[in-house]
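Good morning, and thank you for the time.

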Amino acid sequence: MSSRILIVDDEQGIREQITRWLNYEGYKTEQAANAKEALALIRKMNFNVVLLDLKLPDMDGFALLEKLHQEYPDICVIILTGFGDEDSPAKARAAGAFDFFAKPIHFESLIHRIDTAINQFRAERENYYKREEEKLQFQFENIVGQSEAMQRVLDLIQKIATTEETILIQGESGTGKELVAGAIHYNSLRRQNPLIIADCAGLSENLAESELFGHEKGAFTGAYARKIGKFERAHQTSLLVDEIGELSPHLQLKFLRFLQEKTFERLGGTEHIEVDVRIIAATNANLPEAVNQNRFRQDLFHRLNRVVITVPPLRERRADIPLLVSHFIKKYNRRNAKSIKDISKPALDLLEKYHCPGNVRELENIIASAILLEDGEVIKPETIRMRLVQPVADFQPNYRNLTFREARRIFEKAYLTQLLEQTGGNISQAARLAELDRTHLRNKMKSLGMRDMDDNGNAE
Ligand SMILES: Nc1ncnc2c1ncn2[C@@H]1O[C@H](COP(=O)(O)OP(=O)(O)OP(=O)(O)O)[C@@H](O)[C@H]1O
Ligand SMILES: [Mg+2]
């Protein structure tokens, strides 16, 4: 593809002359007689090179040079100027000019220097971008994960970050979904702006709608002023919509419309607001199941399901536990000005066996408090054990795939069994402790299929 060059000079004769030379050499050209015309053209199309006369009728050439350097760093600016002014070349280079030419301009040397300028400049810019990228790669260092499962996640992040695709991140609570969203955003083309996060968990429909889309004054009781929502705030950056599974049917529809049309209305408003937002959605819910149960729109699910990142639970990548532990030891040493050196082998063993229902967040909390509590240099197993609710592999029953009713049954049975153990089978006493009516307790036990004993411990 041939390069496009903008010639900025107030003298028409010179512009025409240079244009003829450059066109003859196969360059595409445009002309501007002043700074205003030049800026209008630069906003409209891409230029590789701007040939800029420092003497312009409407703006100081140096000011324009500085503006281009700041706002269009990918354009190579070459200065053209009349005789005299000895310190101009140095000044122009300091202001960001790539090369400097004194008139009268010699055809051969102009073409030669434009050619070299284009090549050199391109190489410099490529280098610069590579360095920037490396700097950003560095952020991956904050995501610990040697396990194959996490390596796959990291590979995927790298592949999709610079696309503009909508991404769905799924995984249990505490697995690192927000961290993954950050890695995507800060490795994307939108990284100059911060990632905006909207969490709609636990909000009423009105509040969730206002949080996401904003509201107009008077939209609902208590809406005293207009509020700008997260979608608007995320203009030209990325928006993490967390706990997408909790959106009400109305908000699911509004969200789907946004994905299709890029516009929305504030709550209580009629104005169509158009924003340029890249969506990253996250959920710890099982969306396909929610779709089957008609709790989540199928069309929205399909729209979101194109690029999915699944962050595996910690128990499926135990290889990462030792690395995470030392990562968190460093982090909390720094934060609390402590100097815990390490974790003892038996303490680490405990953690490696622990099934960690709260995933990485729970592991992080365990280490954070161990760092505070530990008075030696090495974390001892006792310090860890204190923090584990019950360090047995199955201390919590597996509630996955159960209905609420089924899960409650398991809990009730376990609770009553313990309670009756405590009272030696005495139902009256158990009822008092549980603050339940005795008859109610007995009925409960019956419905749970538990052996009913009378107050003397005899089976009825
Ligand atoms: N691979 C990892 N390396 C380092 N730190 C991690 C990693 N994964 C998670 N963390 C840390 O664990 C904590 C929880 O992670 P995060 O908030 O991203 O989880 P989440 O999946 O969004 O949880 P929730 O579903 O509860 O919102 C954070 O402090 C995060 O920095
Ligand atoms: Mg989260």
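Which domains each give at least three residues to the shell around ligand 1? They are domain 2 (149–310) and domain 3 (314–387). This is a predicted model, in which local features need pLDDT of at least 70, side-chain atom pairs count only at pLDDT 80 or more, and totals for chains, interfaces and linings use all residues. Residues are numbered from 1 along each chain as its sequence is written, and chains are lettered from A and ligands numbered from 1 in the order in which they are written.

The domain bounds, which come from an automatic or database assignment, also give domain 1 (4–132) and domain 4 (404–447). The centres of domain 2 and domain 4 lie 43 Å apart, taken over C-alpha atoms.

Around ligand 1 there are 17 residues, the closest being Val-144, Gly-176, Lys-177, Glu-178 and Val-360; a residue counts as near if its C-beta atom, placed from the backbone, lies within 6 Å. Two or more residues each come from α7 (177–186), α13 (321–336) and α15 (359–373), helices here being DSSP runs of H or I with at least four residues, and strands runs of E with at least two.

Turning to the cores, the largest nonpolar core has 37 residues. Such a core joins buried Ala, Val, Leu, Ile, Met, Phe, Trp, Tyr and Cys residues through C-beta atoms within 7 Å, buried meaning that 20 or more other C-beta atoms lie within 10 Å of the residue's own, placed from the backbone. Its largest share, 5 residues, comes from β11.

Notes. Buried ≥ 20, exposed ≤ 12 C-beta atoms within 10 Å, placed from the backbone.
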